[in-house]
Amino acid sequence: MTTSSPSTLPSSGRDLVIRPLAGPEELDLFLRLTYSLDHELADDLATGRRLPQWMWVALDGERLLGRLSWWTGTAGSAPQALDFLDLDPGLSPEERAEVGLRLLETATAAVIPAGVRPPEFSRYMPADWRDVPETRSVLESVFGVLESAGARPLVERLRLEWLPGTPVPEPSGRLGFRPVRDREDLVSLMAPVMEGTLDAHGKADLASGLSPREAADLHYDEEFEHYSSPRAWWRVALLPGSGEPVGFVVPARNNYHHTIAYIGVLPAHRGHGYIDDILAEGTRVLAAEGVPRVRAATDLGNVPMAAAFARTGYATFERAINYVWDAPGASGS
């Protein structure tokens with residue numbers, strides 16, 4: 001186990017110990033700070049989506065001053081995301097900055113191999129986080145730590161939810177739908193949708209040098225390939241008569257929720273409002289399964305997609321923010 005020796009914070013005289021959890025039995029220690037995903041931690045540990053050695057704490061005696069954790073979607077895989085980074089709100093902003101940076105750099109140096117770009121940071125936030133001074137102060141401390149460690153903000157996103165009992169538009173008759181046949185059937189439609197995308201992650205993939213087809217392949221292999229929900233739920237939207245594909249939607253269940261995992265309209269068919277028909281179809285597929293909720297997300301700047309979700313009965317219940325490192329070794333080097 002990697003453990004830091006006690007060190008003193010110059011601004012406070014605190015003795016700070018930074019270390020990973022000794023094992024799942026220390027989960028209660030990690031839970032002395034709070035975040036909306038706390039309820040998932042025990043199952044994540046049991047299924048291998050988290051490892052104790054990926055869950056780090058900063059301690060002043062028995063007081064937990066900070067914590068962080070990486071996550072992976074598939075047991076046995078390398079960390080895919082840094083999705084916990086919490087700092088004691090009782091600390092001053094200066095102390096939060098110092099504790100957080102020391103925690104992040106120490107943990108990253110121990111967990112992420114040298115020469116490997118750190119995984120993306122993801123954080124869920126109240127929809128009104130900017131309007132609540134205490135919440136904003138703590139979150140801005142977290143963001144400051146990330147930026148001090150070499151990360152930059154990629155995108156802020158709306159987290160959306162459809163609940164049973166919310167009306168779903170009836171089929172308009174403008175489009176027909178068929179199940180996705182196989183991997184190639186879907187990826188061949190995803191690739192042209194990548195062109196001109198408003199999605200920040202998609203734009204980042206293209207900016208990295210990936211072709212639209214390579215970006216679509218990567219998205220499928222990293223996400224869709226691992227869904228355990230029926231692929232029979234996935235739909236291709238067609239023009240009546242000709243059967244020409246217009247777009248597609250991927251209703252699915254990830255490790256935690258039923259979701260509209262991906263949706264797109266082919267470039268040649270944009271501007272006709274087809275996104276409403278396609279989103280409604282994906283929502284109907286999941287509603288027919290009696291699911292307790294349907295989750296979705298879209299970039300804050302993707303105004304057309306956000307409006308389509310609102311018209312289909314989805315409400316914003318949270319926001320999310322993503323930070324990325326552009327170079328290997330940016331943190332903990």
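**Figure 1. Aromatic pairs in the predicted model.** A search of the whole structure finds 12 aromatic pairs. In such a pair, the rings of Phe, Tyr or Trp (its six-membered ring) have centres within 6.5 Å, and planes under 30 degrees apart count as stacked, over 60 as edge-to-face and the rest as tilted. Tyr35 and Phe84 form an edge-to-face pair, with 5.1 Å from centre to centre and 85° between the planes. This pair links distant parts of the chain, 49 residues apart: Tyr35 is in the loop between helix H1 (27-30) and helix H2 (41-47), and Phe84 is in strand E5 (residues 81-87). Helices (H or I, at least four residues) and strands (E, at least two) are DSSP runs, numbered from the N terminus. Both Tyr35 and Phe84 are buried; buried means under 20% relative accessible area, exposed over 50% and partly exposed in between (1.4 Å probe, protein chains only).

The model is predicted, with local features requiring pLDDT of at least 70 and side-chain atom pairs counted only at pLDDT 80 or more, while totals for chains, interfaces and linings use all residues. Residues are numbered from 1 along each chain as its sequence is written, and side-chain values use heavy atoms, with hydrogens and water left out.

**Figure 2. The ring pair of Phe121 and Tyr323.** Which arrangement do the rings of Phe121 and Tyr323 adopt? The pair is edge-to-face, because the ring centres lie 6.5 Å apart and the planes stand at 70°. Phe121 in strand E6 (residues 120-126) and Tyr323 in strand E13 (residues 315-325) are 202 residues apart, and their pair links distant parts of the chain. Phe121 counts as buried because its relative accessibility is 0%. Tyr323 is buried as well, with a relative accessible area of 3%.

**Figure 3. Arginine residues over tyrosine rings.** Arg123 lies over the face of Tyr35, at 4.2 Å from the ring centre. Arg159 lies over the face of Tyr124, at 3.5 Å from the ring centre. A charge sits over a ring if NZ of Lys or CZ of Arg is within 6 Å of the ring centre and within 35 degrees of the ring normal.

Figure 4. A nonpolar core is a set of buried Ala, Val, Leu, Ile, Met, Phe, Trp, Tyr and Cys residues joined through side-chain atoms within 4.5 Å. The largest such core has 48 residues, of which Leu186, Phe224, Trp234, Val250, Ile260 and Tyr314 touch the most other members. Helix H5 (residues 183-194) supplies the largest share of this core, seven residues. Apart from this core lies another, of 31 residues, among them Trp54, Val142, Val145 and Trp325. In soluble globular proteins, nonpolar side chains tend to be buried together.

Contact means heavy atoms within 4.5 Å. Beyond residues up to four places away in sequence, Val250 touches Leu186, Phe224, Trp234, Thr259, Ile260, Ala261 and Tyr262. Ring pairs also join Tyr220, Phe224, Tyr227, Trp234, Phe248 and Tyr262 into a cluster.

**Figure 5. The surroundings of Leu82.** Leu82 belongs to strand E5 and counts as buried because its relative accessibility is 1%. With neighbours within four places in sequence left aside, Leu82 is in contact with Leu68, Ser69, Trp70, Leu104, Pro119, Glu120, Phe121, Ser122 and Trp325. Leu82 and Leu104 are 22 residues apart along the chain, and 10 Å separates their C-alpha atoms.

Figure 6. Strand E12 (residues 294-299) contains Thr298. Is Thr298 buried or exposed? Thr298 counts as buried because its relative accessibility is 4%. Residues up to four places away in sequence not being counted, Thr298 touches Arg157, Leu158, Leu160, Met305, Ala306 and Phe309.

**Figure 7. The surroundings of Lys203.** Lys203 lies in helix H6 (residues 200-207). Lys203 counts as partly exposed because its relative accessibility is 44%. Not counting residues up to four places away in sequence, Lys203 touches Thr197 and Leu198.

**Figure 8. The setting of the close-up views.** The protein has nine helices and 13 strands. Buried residues make up 49% of its 333 residues. Of the contacts with a separation of 6 or more, 70% come from residues 24 or more positions apart. Along the principal axes, the C-alpha trace spans about 75 × 40 × 35 Å.
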